[in-house]
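Reader: I would like to go through this model with the criteria beside each value, so that every label can be checked against its cut-off. Could we start with how the helices pack?

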Amino acid sequence: MRILVLFGVLYVAAGAGQAQAPQSEGPPLKSVGTMSELMVDMIYPVSDEIFYVSRVEKKTEKDWTDLRHNALMLGEASNILMADNRARDKDRWMKDARLLWEVGNKSYIAAKAKDLPALEALNPDLYEACQSCHEHYRPGYRRRP
């Protein structure tokens, strides 16, 4: 019995020691382009491929490969938006970026499965992710000149 108790105490102590170990930090992230360039050159083009997925209903193998690549880039772009050097704040910004991640992830899964109806069904979610972020962070969004 004493051995079991001693073993339990050692096990808990070892686990606590591991949980408290300091994490090594890598070098700080450095952006290559501006937020505008990231949007215009990366996020807009790949999101348009999801938005307009029905332009061609009969997809070739290349079409599915391209869709899979674009969906993957869309999901990973949201991770870039959540990086410390990009995030505007830890609240609303992260929620909006997470919406984009969810759409990107679902798009990637649907593209891998070659499921056109599932991709088409993501349009409202993608629209919501984009418009929510733009409403909060894009100056002049939805304001008439």
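Author: The axes of helix α3 (residues 61-82) and helix α4 (residues 92-112) come within 8 Å and cross at roughly 160 degrees, where axes are lines fitted to C-alpha atoms, for helices over the stretch in contact, and angles run from 0 to 180 degrees between N-to-C directions. This is a predicted model, in which local features need pLDDT of at least 70 and side-chain atom pairs count only at pLDDT 80 or more, while totals for chains, interfaces and linings use all residues. Residues are numbered from 1 along each chain as its sequence is written, and side-chain values use heavy atoms, with hydrogens and water left out.

Reader: Why are α3 and α4 called roughly antiparallel?

Author: Angles under 35 degrees count as roughly parallel, over 145 as roughly antiparallel, 65 to 115 as roughly perpendicular and the rest as oblique. The axes of α3 and α4 cross at roughly 160 degrees, and the two helices are therefore roughly antiparallel to each other.

Reader: What is the handedness of the crossing of α3 and α4, and which kinds of residue make up their contact?

Author: The crossing of α3 and α4 is left-handed, a term for a near helix turned anticlockwise from the far one by less than a right angle, clockwise being right-handed. The residues of their contact divide into 16 nonpolar, five polar and three charged.

Reader: What makes S78 count as buried or exposed?

Author: Buried means under 20% relative accessible area, exposed over 50% and partly exposed in between, with a 1.4 Å probe and protein chains only. S78, whose place is in helix α3, has 0% relative accessibility and therefore counts as buried. Leaving aside neighbours within four places in sequence, S78 is in contact with A97, L100 and W101.

Reader: How many of the residues of the protein count as buried, and how many helices and strands are there?

Author: Of the 145 residues, 29% count as buried, and the protein has six helices and zero strands.

Technical notes. Helix = DSSP H or I, 4+ residues; strand = E, 2+ residues; numbered from the N terminus. Nonpolar A, V, L, I, M, F, W, Y, C, P; charged D, E, K, R; others polar. Contact = heavy atoms within 4.5 Å.
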